[in-house]
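Work through the exercises below with the sequence and the model open. Try each task before reading its solution.

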Number of protein chains: 2
Amino acid sequence: MKKIYLHRIEDQIARHNTIRDINKQIVLNYVRARSPISRAEIARETSLQRSTVSAIVDDLLVENLVEETGTGDSTGGRKPTLLRLKTGIPVAIGVDVTPRETFVVAADLAGNLLRSEKFPTSSDIVYMNKQITAKVTTLIDAYPSAKLEIGISIPGIADPSSGGILYIPYFQLADWDIGKRLTEATGLDVIIDNDANAVALAELWFGQEEVRKTRNFITVLVAEGVGTGIIIDGQVYRGENGAAGEFGHMFLAENAPVECSCGRRDCWEAHASEKAILAQYRSSSGNSANGSIDIEHLIGLAKNGEDNALRVLKSAAKSLGIGISNLIIGFSPQAVIVSGSIVKAWDLIKEDIQILGQRSIRQELSNTSIIASTLGDQPTVLGSISLVLARKFGSAN
Amino acid sequence: MKKIYLHRIEDQIARHNTIRDINKQIVLNYVRARSPISRAEIARETSLQRSTVSAIVDDLLVENLVEETGTGDSTGGRKPTLLRLKTGIPVAIGVDVTPRETFVVAADLAGNLLRSEKFPTSSDIVYMNKQITAKVTTLIDAYPSAKLEIGISIPGIADPSSGGILYIPYFQLADWDIGKRLTEATGLDVIIDNDANAVALAELWFGQEEVRKTRNFITVLVAEGVGTGIIIDGQVYRGENGAAGEFGHMFLAENAPVECSCGRRDCWEAHASEKAILAQYRSSSGNSANGSIDIEHLIGLAKNGEDNALRVLKSAAKSLGIGISNLIIGFSPQAVIVSGSIVKAWDLIKEDIQILGQRSIRQELSNTSIIASTLGDQPTVLGSISLVLARKFGSAN
DNA sequence: CTTGATTGTTGTTCAACACAACAAAGAGGC
DNA sequence: GCCTCTTTGTTGTGTTGAACAACAATCAAG
């Protein structure tokens, strides 16, 4: 039971096409989840009439969202025509801004990357605008018949209402209006969100099966900073102002090894981010040639038995565990998913994280599992296109 | 954008009557919120056609949910017929089980109590079953034509799926199946939830205007224990297992003045509940005639300047503030609402709570306000009927 | 008293699902 | 190989309910 707020009520009123809109979304989700599947089976499972499902599928075929893929086996009657998502033509352009590189990709409905380009990220707004607009228009021109939307993932705070970017701490970049610029340049809809929310959506739609079925979970993205994405009842929890979920700046302990992007030294991020790990490694191993070591390299060293690298990783894991413990207390989600390069060291740090994280799981309440992401190397790229795909498959309320 | 889960999909499919169901709820909510209001004004605000609104209002009149209440002033044309919620006939029976007394009430759509009965709560299940069933059937018999549902608020953990009660710590009462029994005895639908969730719903539907407009807030119910009710996006957040929101058992500090209902001495509840306050008062003022002092009495003493009572209250307020601070960190809600008898001492404790609570409000993030409930003496009674009314006015998703 | 505005109702059209009938296609028994 | 029974997908009819337009009932104001 959800309260009906009278604010912007026109969007909530049911019109003639509301029935079809709802049922079309449901059928599309069936094709996505159970593909290959026949019209008749969708009708059975949804208790819609076969004729209704056929009409909806006709729509979806015309809209190029679904395609027929041969026939299945007979079970004593006419053979079913099987349906699946239309692949190979792009529906989403993803722009993934990370501190080091920016990726611009095109993906189809199933989340397959059809094209991918990248360039080094810069703090020069003019350069960034030019590069992104150029790459995006190249992709658009490559697929003239496609109906596209653009999703942008950024390592900062985004204002979902204005489509503008409020702040990217790493570059101290404020009021970057890339959303508006891209809309003007391309005429396409643009969705901007912070990287952790985007990754949370990616987990929801493309994660392991256990996660996709989960209604309430939290992702912890460990990268340059620490970001958290909260999924409650199958949607991103943004709070009223869109700035909720910034747990990276939760107070954890004094005297962090490095300054947080917000300037303090007591944030979770200052204890558990890649930046914190690398700083701690550098300071504890002397000022030798380690100046420009990156996180993947450090994990490699730890795996090869380098004591210092291992110790630093485990220390960060403990901080991660404490923060996760707070999140579990607050939300008692079904799962907490750790994402980012650090999962490559999962075997080394798993126990430290889980021991501290489980501390707050009371037996009589829920049992939250703490697991590593399976999204691979670039969860934020998948996140940027998930911003678009979540709209294609999700319902309005 | 919310994910569509294919579990129990038949309930989510849109049928013919879905349009009417949605719009009927919206119109009903307009009558509730803007009463007295005319058909034409509802049509203007919702952008539905006047004819459509008329048809829906006809339905609502037949269902006895709405009534006409004379005509309004003309603005240069025919005078509008004004509508309001139908009052005076009961739609909800509320059963409010508290540690000391159990209330059984009948309320109309507007939340007015039409009848109210009570009896002392006991740990004897047989007695409780008998008393509750008797009072409820008396109410039902008093209004033979009414279409009723029953809402039950309990100070414990309820299992919303089975309609049974899992556990009431105060009475160490397990597996009480009052829901099933009442359904069998009366044939009516029964909704059970814990008192904090019920109070949260009461705030959402009957609280001060500022709260009713709020989508995300948390109520902290200070009574025998400490309970929290979380409203996210206008609905109660229960987590996957229905047992979320049990923050009363969050770790706060060692050596609490009293044992928590769960047996520990480090829970929030063991520091900030009425029980904790009274225990601390007794131990610090010697074993004189204070054995059976209750919280209202203690607040009276503090208001009259009794040092010890005031000190004990302020100490509990600080614990409350710390716990609230954790909640704000976790959810960054728009508001935290403190409820229970302790609000009668709000002037005395306000500052202590707010100073500690505000500690965790980061400037750059949301600004949560910590306020006292305005629901009056018995928020849980209103809570029990809110369980029913939230269904009458809420939407299914 | 006339004109124009406002409210509520009535009749028509249109979208979309339910239901039933049917054609297409195939499995299995004899 | 033929007949029967299933299963799938399509087509036509009925029903719900919103949109739209026209109209009657009121009423204010010049």
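For residue classes, Ala, Val, Leu, Ile, Met, Phe, Trp, Tyr, Cys and Pro count as nonpolar, Asp, Glu, Lys and Arg as charged, and the others, Gly among them, as polar. The model is predicted: local features need pLDDT of at least 70, side-chain atom pairs count only at pLDDT 80 or more, and totals for chains, interfaces and linings use all residues. Residues are numbered from 1 along each chain as its sequence is written, while chains are lettered from A and ligands numbered from 1 in the order in which they are written.

**Exercise 1. Describe the surface near DNA strand D: which residues come closest, and which elements contribute?**

Step 1. List the residues. DNA strand D is surrounded by 31 residues, the closest being A:Ser51, A:Ser54, A:Gly77, A:Arg78 and A:Thr81.
Step 2. Assign elements. Helices (H or I, at least four residues) and strands (E, at least two) are DSSP runs, numbered from the N terminus. Two or more residues each come from α2 (39–46) and α3 of chain A, and from α1 and α3 of chain B. α1(B) gives the largest share, five residues.
Step 3. Sort by class: six nonpolar, 17 polar and eight charged residues.

**Exercise 2. How many residues of chain B are in contact with chain A, and what supplies them?**

Step 1. Contact means C-beta atoms, placed from the backbone, within 7 Å.
Step 2. Count: 53 residues of chain B touch 53 residues of chain A.
Step 3. On the chain B side, α1 (16–34), α2 (39–46), α11 (307–331) and α13 (379–393) each supply at least two residues. The largest share, nine residues, belongs to α1(B).
Step 4. That side of chain B divides into 23 nonpolar, 20 polar and 10 charged residues.

**Exercise 3. What is the strand order in the three-strand sheet of chain A, and which strands stand at the edges?**

Step 1. Two strands pair if DSSP finds at least two bridges between them.
Step 2. The open sheet runs β1-β3-β2, with antiparallel pairing. β1 (37–38) and β2 (66–71) of chain A are the edges: each has a single partner strand, so one side of each lacks a neighbour in the sheet.
Step 3. Locate one bridge: A:Ile37 partners A:Leu83 in β3(A).

**Exercise 4. Is A:Asp59 buried, exposed or partly exposed?**

Step 1. Buried needs 20 or more other C-beta atoms within 10 Å of the residue's own, exposed 12 or fewer, and partly exposed lies in between; C-beta atoms are placed from the backbone.
Step 2. A:Asp59 has 15 C-beta neighbours inside 10 Å, so A:Asp59 counts as partly exposed.
Step 3. A:Asp59 sits in helix α3 of chain A. From A:Lys24, A:Asp59 is 35 residues away in sequence and 8.5 Å away in space, C-alpha to C-alpha.

Key: Two residues are in contact if their C-beta atoms, placed from the backbone, lie within 7 Å. A residue is near a molecule or strand if its C-beta atom, placed from the backbone, lies within 6 Å of it.
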